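Hi there,

Here is the structure I said I would pass on.

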Amino acid sequence: MTWVLTPAMRRLRAEVDAIAPQRDRSSDGSIGDQAHASGASGHNPDETGRAEYTDSDRVNEVRAIDLDGDLRTPGLTMEDIVQQLVRRCRTGAERRLAYIIYRRRIWGDGAGWREQPYYGANPHDQHAHVSGRPAGDEDTSSYHLAELAQGKEDDMFDEKALAKLNALYALAFSGGPSCGAEVDPGNNDRGKSNSIVNKLDALLETASHPPVAVQVDAAQVAAALAANTGFLAAVAQAVNDDQSRRLAQ
Ligand SMILES: [Ca+2]
Ligand SMILES: [Ca+2]
Ligand SMILES: [Zn+2]
C-alpha cells in the first residue's frame with residue numbers, strides 16, 4: 001500500500017521552499033526510516049505503520065515532516081519559522097499541528113504550546129520536526145510563513161536605503177561621512193525598530209547638529225537628488241507605508 005504525505009504537510013513544506021528556495025534539504029524527511037519504524041511516529045504511514053494518530057479514512061498517510069535547519073537565506077532562520085508557527089498555534093489561528101521539536105525544545109498542544117525541554121535521543125539540532133493531527137490532513141490554507149519573508153525584504157530595503165542615504169549625505173556635505181556624521185543604525189537609541197523613518201530622523205538630526213562645520217554644496221545636492229529620483233520616491237513610499245502601519249496598530 002503506497003503512502004502519501006498529507007496535503008497539510010505538503011503545504012507547509014512548499015511554504016518553507018517558497019521563502020527559502022536555496023535551502024539545504026539534506027536533513028529533510030517525511031516517511032520514517034528504520035529508527036522510526038519500531039516506535040509510534042508521525043513519520044510512519046497511518047494505515048500500515050505505527051503512526052502516532054490514525055483516522056477513519058483508508059488513505060495511508062504520513063503526517064510529520066523534518067525540515068533541514070539550514071535555510072541558506074540571509075536574515076531568515078528555522079528559529080523564525082518555528083516561532084511563527086508556535087505563535088499562531090498559541091492563539092488558535094493554527095490548529096493543524098500536534099507538536100514541533102527543534103534544538104532540544106518541544107512545543108505542543110498538550111502543554112498549551114509552551115516551550116519545554118526535549119530530552120529525546122536525537123536533539124533535533126539539524127532539523128525541525130513538525131507533526132500534524134488527522135483533523136487537519138486536508139487543510140491546505142496558509143501557514144503565513146510568507147510574512148517572515150516580507151519582514152526580511154523590508155529590512156533589506158532599509159539597509160540599501162541606509163547606504164544610499166549615507167552616500168547622499170557624503171555628497172551633500174563637504175565634510176563627508178568621514179567627519180563622524182555618518183548615520184549609524186546601531187547608534188539610534190530611540191529604542192524603535194529598524195524602520196526607515198527612524199533612519200531619516202537620525203539623518204535629519206545629524207544634519208542639523210553637525211559635529212564639525214560643514215558647507216552644503218547646492219549644485220552637488222541638486223545633482224545627487226536628480227540622480228536618485230527613483231530612490232527618493234521609494235523612500236517616500238516606505239515612509240508612507242511605515243506611517244500606515246503605525247496608524248493601523
Ligand atoms: Ca489515514
Ligand atoms: Ca486523513
Ligand atoms: Zn522527524
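Among contacts between residues at least 6 apart in sequence, 65% join residues at least 24 apart; two residues are in contact here if their C-beta atoms, placed from the backbone, lie within 7 Å. This is a predicted model, in which local features need pLDDT of at least 70 and side-chain atom pairs count only at pLDDT 80 or more, while totals for chains, interfaces and linings use all residues. Residues are numbered from 1 along each chain as its sequence is written, and chains are lettered from A and ligands numbered from 1 in the order in which they are written.

On confidence: the mean pLDDT (the predictor's confidence in each residue, from 0 to 100) is 83, and 76% of the residues reach 70 or more. Two stretches stay under 50. Residues 174–183 are one of them, with 27 contacts beyond four places in sequence in the model; residues 185–194 also stay under 50, with nine such contacts. Where pLDDT is low, the predicted coordinates should not be read in detail.

Now the fold. The protein has seven helices and seven strands, taken as DSSP runs numbered from the N terminus (helices are H or I, at least four residues; strands are E, at least two). From the N terminus on, the order of elements is β-α-α-β-β-α-β-β-β-β-α-α-α-α.

Five of the strands form an open sheet in the order E3-E7-E4-E5-E6, with antiparallel pairing; strands pair if DSSP finds at least two bridges between them. E3 and strand E6 (116–117) are the edges, each with a single partner strand, so one side of each is left without a neighbour in the sheet. Helix H1 packs on the sheet, where it touches E3 and E7, and its direction makes about 10° with that of E3. Axes are lines fitted to C-alpha atoms, for helices over the stretch in contact, and angles run from 0 to 180 degrees between N-to-C directions. Helix H3 lies across E3, E4, strand E5 (105–108) and E7, and runs at about 150° to E4.

Five bridges join E7 to E3, antiparallel, and Leu 67 has Ala 128 as its bridge partner in E7. Four bridges join E7 to E4, again antiparallel, and Tyr 99 stands opposite Ser 131. Six of the six residues of E7 are buried, so the strand is largely enclosed by the rest of the structure. A residue is buried if 20 or more other C-beta atoms lie within 10 Å of its own, exposed if 12 or fewer, and partly exposed in between. In a regular strand the side chains alternate between the two faces of the sheet. In E7, His 127, His 129 and Ser 131 point one way, and Ala 128, Val 130 and Gly 132 the other. Over the whole protein of 249 residues, 24% count as buried.

What does the largest nonpolar core contain? It has 28 residues, and those with the most contacts inside it are Val 82, Leu 85, Ile 100, Ala 128 and Val 130. The elements giving it two or more residues are helix H1 (7–19), strand E3 (64–68), helix H3 (78–91), strand E4 (97–102) and strand E7 (127–132). H3 gives the most, with six residues. Such a core is a set of buried Ala, Val, Leu, Ile, Met, Phe, Trp, Tyr and Cys residues joined through C-beta atoms within 7 Å. Not counting residues up to four places away in sequence, Ile 100 touches Val 82, Leu 85, Val 86, Trp 107, Ala 128, His 129 and Val 130.

- Pro 117 is found in strand E6 and counts as exposed, with 7 C-beta neighbours inside 10 Å. Its C-alpha atom is separated by 4.5 Å from that of Arg 105, twelve residues apart along the chain. Beyond four places in sequence, Pro 117 is in contact with Arg 104 and Arg 105.
- Trp 113, in the loop between E5 and E6, has a positive phi near 65° without being a glycine. Trp 113 is buried, with 21 C-beta neighbours inside 10 Å.
- His 144, in the loop between E7 and helix H4 (146–172), also has a positive phi, about 60°. With 14 C-beta neighbours inside 10 Å, His 144 counts as partly exposed.
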